[in-house]
Structures are given as structure tokens and as C-alpha cells.
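Take a look at the structure below.

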Amino acid sequence: MQLRKKDYLWSYVGVFLSLVANIILTPFIMYFLDDDSFGLWSVFQSLAAITTLFDFGFATTFSRNINYCWNGAVKLERTRATYSNSDEPNFLLMKKAISACKTVFLVISLLALTTMLLIGTPYITHISRGTTIEGSVPVISWMIYTVAIFLNIYFGYYGSFLRGVGDISDANIATVIAKLVQIIVTVVFLWLGFGLIGTSVAYLSYGTLYQQIARKRFYSYKGIGKGLKSVKVKIPFTEIKEMFMIVWHNAWREGVVSLSNYLANQACTVICSLYMPLSQTGAYSLAVQLGMAVSQISATMYTANQPVLQSAYIRNEKDSMRKTMSLIIFTYVSLNMLGLVAVVLIGLPVLKLIKPDLALGAGLMIAIGIYQFMLKFRNCYTSYFSCTNRIPYVKAFLISSVGCVALALIFLGGFKWGVWGLVVAQILSQGIYNVWAWAKKAHIEMKLSFSETLILGLSETKKMLSGFLNKGGHINDK
């Protein structure tokens, strides 16, 4: 599997537009919503991250197995996979995987909907009491947001499938189209005075449009739809159950990792809303969004090259894995440093021109940016193991995330350190082990030091950039 020029280009366009969308939307939302409404919107976004918990790692695990099927895997296994020398996709195996995936996501999307209505609604009602937000607006907005969450889970695997088969450009085209629609709908509805309800409707439009475009693109990509239709065998429930058990072995581990990521990051916004006013919660959440945006665009190579790593593994191409990992690490570290500097020197002054009383200083922004860097840096290395169908980092992630929440409650509730208590808790929880341990293990297994990784990464980056000047669809041979 090779990535084409347009895959890299659309990856950056997709991530850049997501970043620009936040840059464009945040001032509008801050301008049209009062401090309490903006803080509540931040809580909505944090609660939406719970969707990763209901997914429970199934989307990632199914996507990885779809990649193996696409690369001709003979058999799917609970750990690792059977190496393949075939150039033809295994559509029978793929059809079994997709059938199992649809069944699983129908169940978990209904479970998510029920939970968000029964638990999320009372919580939103509780924290919005005594605020300036009018009457039923919080609940109505939350109901619309909940429907969006349900649809995102129910159809959420198609975007992962596109990346699994290496169709990176179409996955990002879907993101670009859906983001543009969200920007337009948000601005129009805010200008018309729909407030928090308007932002929720815009979020609904983004998720629904993205999933439907991804679904259509997946079945039309390189004859996948026709290939699956050519398999006339009806998949019995016993085989769907068997496929579920194969995927479940790593899916629950991915689920625990997702829970850990939520506790280590988004849960702190919810904790913040319990101890501090919504206006301060909004400022903290804004810093987290900016830090995540920098990490996200810096990790574009990481996101785009997941199917390349998986393909190299199933074909036992170790040198390709070394080159790809080096490209991922070098570009991530370099772009993250530049991005954080840009946010502090340019982004914050612009935001303070829009909202002079914004309680977000450069020191806090840098600290949160460092933490977001640590999370993605750690993930760059753990992806090396997950692409080989191994999830050895579950226990370490869970311990660090539970420790993060415990420390946050102690520093915020007991010591009264305010927002800095959250940041210190986060950095300590990851810095003790995860941020360096998995990097070390991956380097030992790849037989490649960190300095060698940076040197090789620089070489691969130069090769990739020069490839854009050459004719042809591919950047370079992996």
C-alpha cells in the first residue's frame, strides 16, 4: 500500500480546515453566546467525547482488520494476523467483518442514546441552573446534540473503513465538505439568533453529512461495493459471532484505552465545570481545543500512515515500518513545536482582541500545549504496536488516567489550585511512564534509536517533499 500525493494533500487540507473551522467558529461562538452559554457548549463538546467510550475500540479494531482483508490476509486472528503475499483483497473475509461491525454498532449506538438521555440530560439541567441561559434552551440544545451523537456512532465506522483501505483522500474530502457546511450553518444560525440551539444543529449537520459521504465513498472505492456483492454467500449468525469474538479480544482493550484517553483529557473539562464557573471552564476548554488542534495538524502523518503501517506489517516489510515511523515522529515533533509558538504569539493576541476579558494567559496555554503534545507523542509510538494487532499498553494507560482524575480532584478540590491543578495533574500522570516507556520499547523492537529515527525521518520528509515536484501519483516507495 502506498499513499498518493493527493492523499497527503487532502490529509493536510482536511486537518487544516478542521483547525481553521475552530479558528473561524470560536470567535463567532464567543461573540454571539454569553459566557455561560459558551461554557455550556464546552461541556457539550466534552460529553460528546464520551462517544469514544461507547465505540469501545470497535471502530479502530474493525478498521485494522478491514485493512488486513484488503491486503489479502488469509485469516484474521485475535493477536497479530496471518501474513499475506496476495495482491487480491479477501472479500469473503471482509464481508464477514463488515456484517459483524454493523451488528455491533447498532447495539452500542442504541445504548449510547439511552445513556446520554437518562444521565446526560439531568447533568446538563443541573449545571445550567442559576445561569443566564433561558429556560428550556439547554435541554433542547442537548437533545439535538444527543441525536447527532447517536448518528455519529451508528454510521461512525465508514470513515475508519476508508482509512483502513488506504483511501485517505476521500476520507478527508468528506471532512472538508462536512466542515464547510458546519461553518456556514453555525454562522447563519448564530446571526439569526438561534444561539446554543443553532450550534447544536450545526454539529448535527456536520456529523450526518460526513458519515453519509464516507459511506458512499467506501463502497465506490476501487470496486469494493462490487467485490462485496460478488460474494453471494450469506453470512450466518454463527460466523458473525465468531468474527465478533476475534475482534472483541483487542476491541475491549482499545475500549479501555479510549476510556483512559477520555479520563486523561476531556474528563478534566467536566471536573472543571463542577468546581469553577462556566466562564472559567470555557477559557480552559478553549486552551485544550487550541492545544489539541496543534497536535492534530502536527500528527497528520501519523493519521494518514496508519494503513501504510498495517499493510507493511501484514506483508512483513520491516524496513517500510521503520521508514514510516521515522517520518511520523519527525514531522510530529517539528510541526508541534512550530504550531504551539504560533498559537502563543499570534492566536492568543487575536482572541484577546475579540474578547479582552478572556482568562487565558500564555503560560497556561504553553502548559496545556505541552500536555497535548505528550498525549499524541505517546500515541505515535503505541500505534506501532496496535498496527501489529497488539495492545500491550492497556494497563499503563488506565492507571495513568485514573491517577490523572484523582490528582485533579485533589489539586482542584482539596488544594484549591484552580485550573493549574488540572494541568499539573495531567502532566504528572503521563510524564511518569507513558510518554517515554512506549517510545523506548518501540525503538528497541525496531532496532532504531531516537536520534536515528529523527535523521531517517528528516530524510523521508525531504524525499516526500521532493516527490511533490515529480510526476506520478505516488510520493515514494515505502
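In which helix is the place of Val 188? Val 188 sits in helix H8. Helices here are DSSP runs of H or I with at least four residues, and strands are runs of E with at least two, numbered from the N terminus. This is a predicted model, where local features need pLDDT of at least 70, side-chain atom pairs count only at pLDDT 80 or more, and totals for chains, interfaces and linings use all residues. Residues are numbered from 1 along each chain as its sequence is written, and side-chain values use heavy atoms, with hydrogens and water left out.

Is Val 188 buried, exposed or partly exposed? Val 188 is partly exposed, because its relative accessibility is 36%. Buried means under 20% relative accessible area, exposed means over 50%, and partly exposed lies in between (1.4 Å probe, protein chains only).

Now go inside. Thr 461 belongs to helix H21, residues 450–467. Thr 461 counts as buried because its relative accessibility is 12%. What does Thr 461 touch, leaving aside neighbours within four places in sequence? Thr 461 is in contact (heavy atoms within 4.5 Å) with Leu 327, Phe 330 and Thr 331.

Last, the cysteines. A disulfide is a covalent bond between the sulfur atoms of two cysteines. Here the rule is a pair of cysteine sulfur atoms within 2.5 Å. By this rule, the count of disulfides is zero. Take Cys 387: the closest cysteine sulfur, in Cys 380, is 11 Å from its own sulfur, so the two are too far apart for a bond. Cys 387 is buried, with a relative accessible area of 0%. Cys 404 also counts as buried, at 0% relative accessibility.
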